[in-house]
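Please look over the sequence and the structure below before reading on.

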Amino acid sequence: METAIYIIIVLVGVGTFFGLVLALADKKFVITGSLRQFKNRAELQKIIEDNGGKVLSSVSKNANYLINNDINSTSAKNVAAKKLNIPIITEADFMELLN
């Protein structure tokens, strides 16, 4: 087990050394509304986490983005994001962040 942990640490260090940076490193997302491009929220959450991001359950000043395909929604999460000046992005916008 210790060897596996060491290998992961070394690989992360090597990736950083060679300039490989995870696309969503240190970014925090909130997901709300219906999804169109992903099977479910778990799939989207896995992609976010696999690329260095984190998924939050609610909108707060700690969030960087709210993912909602209906950016004009009057939902509580959209209202909170607008009040905190957190960008509301669609799934398509999210995919652009990955590239």
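The paragraphs below go through a helix, the nonpolar cores and a loop residue. The model is predicted.

Begin with helix α2, which covers residues 41–50. Its N-terminal end is capped by Asn40, which places a side-chain oxygen 3.1 Å from the backbone nitrogen of Ala42. After the helix comes Gly52, with a positive phi near 95 degrees. Lys46 and Asp50 are 4 residues apart in the helix, so about one helical turn separates them. Asp50 is partly exposed, because its relative accessibility of 47% falls between the limits of 20% and 50%. The count of salt bridges is 1.

Next, the interior. In soluble globular proteins, nonpolar side chains tend to be buried together. Here the largest nonpolar core has 11 residues, including Leu24, Phe29, Phe38, Leu44, Ile48, Tyr65 and Phe94. Two or more of its residues come from each of β1 (28–31), α2 and β3 (65–67). Apart from this core lies another one of 8 residues, with Leu56, Ala63, Leu66 and Ala81 among them.

Phe29 belongs to the 11-residue core. Leaving aside residues up to four places away in sequence, Phe29 touches Ile48, Val55, Tyr65, Ile67 and Ile89, among others. Lys54 is also one of its contacts.

Last, consider the loop between β4 (88–89) and α4 (91–98), where Thr90 lies. Is Thr90 buried or exposed? Thr90 is buried, because its relative accessible area of 18% is under 20%. Beyond four places in sequence, Thr90 touches Ile67, Asn68, Asn69 and Ile71.

Conventions:
Residues numbered from 1 in each chain as written. Predicted model: local features only at pLDDT ≥ 70, side-chain atom pairs only at ≥ 80, totals over all residues. Heavy atoms only, no water. Polar contact = N/O pair within 3.5 Å; in protein donor to acceptor, adjacent residues only side chain to side chain. Core = buried A, V, L, I, M, F, W, Y, C linked by side-chain atoms within 4.5 Å. Buried < 20%, exposed > 50% of the residue type's maximum accessible area, 1.4 Å probe, protein only. Contact = heavy atoms within 4.5 Å. Salt bridge = Lys/Arg side-chain N within 4 Å of Asp/Glu carboxyl O.
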